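Let us take a walk through this structure together.

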Amino acid sequence: MDSDIFPNIGKPIKNATNEFVDYLVINFGDGFEAFSNSLLFFLVKLERLLRSADPLIILLCVGLLTFAASRRLTLTAGMVGAMWFIGALGLWQQAMQTIAIMLVAVAISIIIGIPLGISAARSERFRALLSPVLDLMQTIPSFVYLIPAAMLFGLGKVPAILATVIYAAPPLIRLTDLGIRMVDGEVVEASRAFGATRWQILKGVQIPLAMPSIMQGINQTMMMALAMVVIASMIGARGVGETVLLGLQRNDSGQGLVGGIAIVILAILFDRITQSAGQRMQAYRNIGG
Amino acid sequence: MGTMAKIEVKNITKIFGSNAAQALPKVEAGMGKEELLAETGAILGLKDVSLTIEEGEIFVIMGLSGSGKSTLIRHFNRLIDPTAGQILVDGNDVMKLSNKELEQFRRQKMSMVFQRFGLLPHRTVIQNVAYGLEIQGVAKTERETTAMEWIEAVGLNGFENKYPSQLSGGMQQRVGLARALANNPDILLMDEAFSALDPLIRSQMQDQLVELQEKLHKTIVFITHDLDEALRIGDKIAILKDGVISQVGTPAEILLEPEDDYVRAFVRDVNRARVLTVDTVMQPPAMRITHDNIERALSEMVRRGEEYGYVIHNKEYRGYVTQEVLEEAVEDKSSSATIYDLAVEGNSVTLEDTLEEALPVTLEADHPVPVLDESGALKGILSQEEVGQILVPPSEDDEAESKPVSLKVIDKEEETLKAAS
Ligand SMILES: Nc1ncnc2c1ncn2[C@@H]1O[C@H](COP(=O)(O)OP(=O)(O)O)[C@@H](O)[C@H]1O
Ligand SMILES: [Mg+2]
């Protein structure tokens, strides 16, 4: 089936990529390992904390957090009940592992994503450069970058986190950018006219006014991070994803379903908490009606 | 050249677009806005604008939407940089300021009030009013004390902990005004500050501004597209059309001596009676009697053909006399009446009265009404005919005929009068 009209470009790309990854592994392996270790350090601490804590304390925290975000008792009770249900499914430990991975991934997404979003809102050119990269991050199948990630960082939690960040950060970057650009120009101008520095404008006007949009970005990032849980478990991240994966491998539909339910519950939990927090942050918009 | 102008704008041209530099020579060569847009895609915002704004005056910049008013006022605090030209504030070239100096300059020299208020929606009224001071790093208690004073000054006590969305438009703009004043700037820039308000609220705000200005003596640059508003509050008015200044003058000059058809068309529909004040239209008193010799007064009046004489004693107006009354007094040898006894005080108007206020008095009297200043001195007279003539707007065709009394003539005559007394 060889045809002359198709020169073989695939092979050189393949080879070049492999050589590049090898080059990275050989020359910067130590650097990647150091990075990997420091990330792991935080992750392990958090995971240990969540897993060793008395479930009652965790349930209490979920309740307090929901109430602080929403000020609604029914929602709070519902969320505590849902969390309790995960324990009743026998997946408490796995859920704690998943939450730890997800929180670290979301934290990294925020640390990277918000500054990138702000830069994109400031510079037309930067946005033009960033936009195709974000498209790529969201559309390219995760396995494509999981292979080199696993080579660089070894199997386990770190490549899982990186894969999650790559997949989950784009909506936060986009919504931060959008939120800041949608801030009323006259308000920003007023701030400038009063002699505010760029940092004062950002901190006192743009970020607070873009907060609903940023919160929505964080919410979406969390949802997408949870969507990555099963894939992440394939490269050695433990947690609820592993439960599903094992169900798949062992042809055990029941286990798959139980794991799936736990993931959905976690998704609802984080969704409601961040949504309510976002709404309360813009309470000033609604008072006047 | 006495004192330095507060703001001096010298030959500012502003072209919007990435190719502004290439477009500049074409504008300088006289290319108009449409042509420039068609040829280069650049938008001409302002063309060779020069202005002098004096300390303590309310300087109004008026023009239709898109005439470049916002662009012009944003040059004063350099929210917009000119393509060419110079802006001096207190004699300092603002284009020479570094970023840090510019921030400092905006914090101290001038504050701005915006058309759609530009309030921070996530902050309460008091936090909004204190915003300028917060930017400057003033401590919280101190800035909130100052903010509270200004909230009271604009009549918003009790609303300090509300959010802007809880207030009406007029109240929100009061917050905007208080926020600008809390910085205690020399200069207040107001870009269509009252345009978004209902007519009634708008005139209240105009009054409040004029009232505040009487206490504060700031230099106020006020932008509007509404000529009535311009005439009502402006000490000076600049009329802007398509980025070019058409005319700069006092309200009376704009109304009575429009320099081109554009301004003439603008002023035609204005309610002149409400805008013009007596001092701009009065005539010098034709016959002043400053002694009490009745016979001499009578002969002077007869010689000059004046029917009425205005009696003045110790620089104070005492009343008017007619030829008839004086003749009777001369004939009646037994009378010992002085000219002061004969003078009838009658009604008078003051310099600052609008024609609308002066009109009833003028129409009632059968003689030209005396115009007095605060000290009671006679400054001029106002006759029915003059008032009638002034209130008729100039029409394009019979312009020469209806052209009202020239202001410059009055000024000159007043000067000779001053010199004489
Ligand atoms: N940032 C900008 N970019 C391009 N054109 C502008 C910009 N700002 C103003 N203009 C143009 O300059 C002209 C004057 O605008 P503006 O100063 O806002 O007028 P006004 O305040 O009198 O309504 C208009 O033709 C407007 O379209
Ligand atoms: Mg404007």
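This is a predicted model: local features need pLDDT of at least 70, side-chain atom pairs count only at pLDDT 80 or more; totals for chains, interfaces and linings use all residues.

Residues are numbered from 1 along each chain as its sequence is written, chains are lettered from A and ligands numbered from 1 in the order in which they are written, and side-chain values use heavy atoms, leaving out hydrogens and water.

H2 spans residues 55-70 of chain A and H3 residues 73-88 of chain A; their axes come within 9 Å and cross at roughly 150°. Helices here are DSSP runs (H or I, at least four residues), numbered from the N terminus, and axes are lines fitted to C-alpha atoms over the stretch in contact, with angles from 0 to 180 degrees between N-to-C directions. The two are therefore roughly antiparallel, a term for angles over 145 degrees.

Which residues of H2(A) make the contact? They are A:Leu59, A:Val62, A:Gly63, A:Thr66, A:Phe67 and A:Ser70, where contact means heavy atoms within 4.5 Å. From H3(A), the partners include A:Leu73, A:Met79 and A:Trp84.

Now for the charged pairs. Side chains of opposite charge can pair when their charged atoms come close.

A:Arg127 lies in helix H5 and A:Asp177 in helix H7 of chain A, so the pair ties together parts that are 50 residues apart in sequence. Both residues are buried (under 20% relative accessible area, with exposed over 50% and partly exposed in between, using a 1.4 Å probe and protein chains only).

Another salt bridge links A:Glu189 with B:Arg74, with the closest N and O atoms 2.6 Å apart. Since A:Glu189 sits in H8 of chain A and B:Arg74 in H3 of chain B, the pair joins two chains. A:Glu189 is buried at 17% relative accessibility, and B:Arg74 is buried at 8%.

Finally, B:Glu300 and B:Arg296 meet at 3.6 Å, N to O. They are four residues apart in helix H15 of chain B, separated by about one helical turn. B:Glu300 is buried at 18%, whereas B:Arg296 is partly exposed at 43%.

Key:
Angles under 35 degrees count as roughly parallel, over 145 as roughly antiparallel, 65 to 115 as roughly perpendicular and the rest as oblique. A salt bridge is a side-chain nitrogen of Lys or Arg within 4 Å of a carboxyl oxygen of Asp or Glu.
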